[in-house]
Amino acid sequence: MAKPVITVVGSINMDLVTIASRFPSQGETILGEEFHLIPGGKGANQAVAAARLGADVHMIGAVGADAFGTELLRSLEREGVHIDNVKPVTDKGTGIASITISEQDNRIIVVPGANHALRPEDIDRCEEMIAKSDVCVLQLEIPLSVVERAVFLAKKHGVRVILNPAPAQPLPQKLIEQVDFLTPNEHERDIIFEQVDADAFADKVIVTEGARGVTIRKDGKQMLIPGFRVPVVDTTGAGDTFNGALAVALSKGMSLEEACLFANAAAALSVTKLGAQGGMPTEEEVEKFLQEKEGCSS
């Protein structure tokens with residue numbers, strides 16, 4: 001079987017990760033335990049997740065002309081992600097995310113930098129590549145105008161679209177109408193549907209709920225696709241792993257329920273190691289994990 005072809009349009013960041021025994025209170029200084037520089041960005045994370053699961057992945061994004069940008073491009077190449085359409089930017093630094101990890105949770109501040117230098121015309125230059133894709137995956141760490149253009153071109157060519165609406169913002173109804181699947185968490189769902197009737201689009205909304213799993217609507221009823229409980233080291237990349245895995249699973253012809261279960265398993269494995277990309281599993285690891293869980297339940 002040919003590899004699924006997935007185009008990811010999104011952010012590329014360097015994650016500045018601090019691990020501490022607890023989160024500081026407002027105005028408080030505490031001592032941390034560890035510090036790491038780790039490749040990240042929601043777009044790059046989802047691209048790496050899909051590549052590790054066996055897809056042929058093309059990345060559209062932007063990095064600065066600095067050491068972080070150089071290292072991030074090398075990292076994507078090592079993962080097998082095509083970077084021909086990553087735009088070099090000279091007047092802005094590479095995007096960064098400051099992440100504090102504690103108490104099996106995280107708090108994140110993103111500085112977009114070069115990610116916000118991406119323009120709709122950059123997407124136009126990639127139309128042929130988007131047209132050849134099985135799925136186009138997007139997030140909201142890049143300008144909304146870029147997301148809208150990518151969705152328009154994908155739908156023009158009959159390509160499925162997954163939009164992970166994070167960081168959350170209210171979305172135009174026309175954009176929601178065009179995408180095939182939206183993958184918010186519960187908080188993000190409330191924000192993106194502030195000005196739009198959520199019930200009208202319930203069939204395309206996949207609500208992620210951490211270890212509990214994800215909720216979809218089937219035959220007019222809410223359905224929970226259960227998640228998996230595992231030892232947690234770092235939850236930073238779980239949502240991105242889910243989205244990359246969902247794209248791969250749907251590209252391979254799985255039903256929505258099957259694809260969500262596969263993606264839940266991939267996300268569970270991802271939180272067992274440090275770093276957004278550090279624990280992202282291979283296809284073989286996900287299949288083995290699912291087989292073991294099925295064996296335990298039988």
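Which residues in α9 are buried?

1. Basis. This is a predicted model, in which local features need pLDDT of at least 70 and side-chain atom pairs count only at pLDDT 80 or more, while totals for chains, interfaces and linings use all residues. Residues are numbered from 1 along each chain as its sequence is written, and side-chain values use heavy atoms, with hydrogens and water left out.

2. Helix α9. The buried residues in α9 are L256, A259, C260, F262, A263, N264, A265, A266, A267, A268, L269 and S270. Buried means under 20% relative accessible area, exposed over 50% and partly exposed in between (1.4 Å probe, protein chains only). With 12 of its 15 residues buried, α9 is mostly covered. Helices (H or I, at least four residues) and strands (E, at least two) are DSSP runs, numbered from the N terminus.

3. Helix length. The end C-alpha atoms of α9 are 21 Å apart, which agrees with the 21 Å that its 15 residues should span at 1.5 Å a residue. The expected span is 1.5 Å times one less than the number of residues.

4. Cores. The largest nonpolar core has 52 residues, of which I6, I206, L246 and C260 touch the most other members. Helix α9 (residues 256-270) gives the most to this core, with 10 residues. A separate second core has 35 residues, including A114, C126, I142 and L171. A nonpolar core is a set of buried Ala, Val, Leu, Ile, Met, Phe, Trp, Tyr and Cys residues joined through side-chain atoms within 4.5 Å.

5. I206. Leaving aside neighbours within four places in sequence, the contacts of I206 (heavy atoms within 4.5 Å) include F181, L182, P184, V214, I216 and F242. Also among them are L246, L256 and C260.

6. E127. This residue lies in helix α4 (residues 127-131). Residues up to four places away in sequence not counted, E127 touches L153, K156 and H157. The side chains of E127 and H157 make a polar contact (2.8 Å). A polar contact is a pair of N or O atoms within 3.5 Å; within protein, one must be able to donate a hydrogen and the other to accept it, and residues adjacent in sequence count only if both atoms are side-chain atoms.

7. Overall fold. The protein has 10 helices and 13 strands. Its radius of gyration is 18 Å, close to the 19 Å that the globule rule gives for 298 residues, so the protein is as compact as a globular protein of that length. The radius is taken over C-alpha atoms, and the rule is 2.2 Å times the number of residues to the power 0.38. Buried residues make up 51% of the 298 residues.
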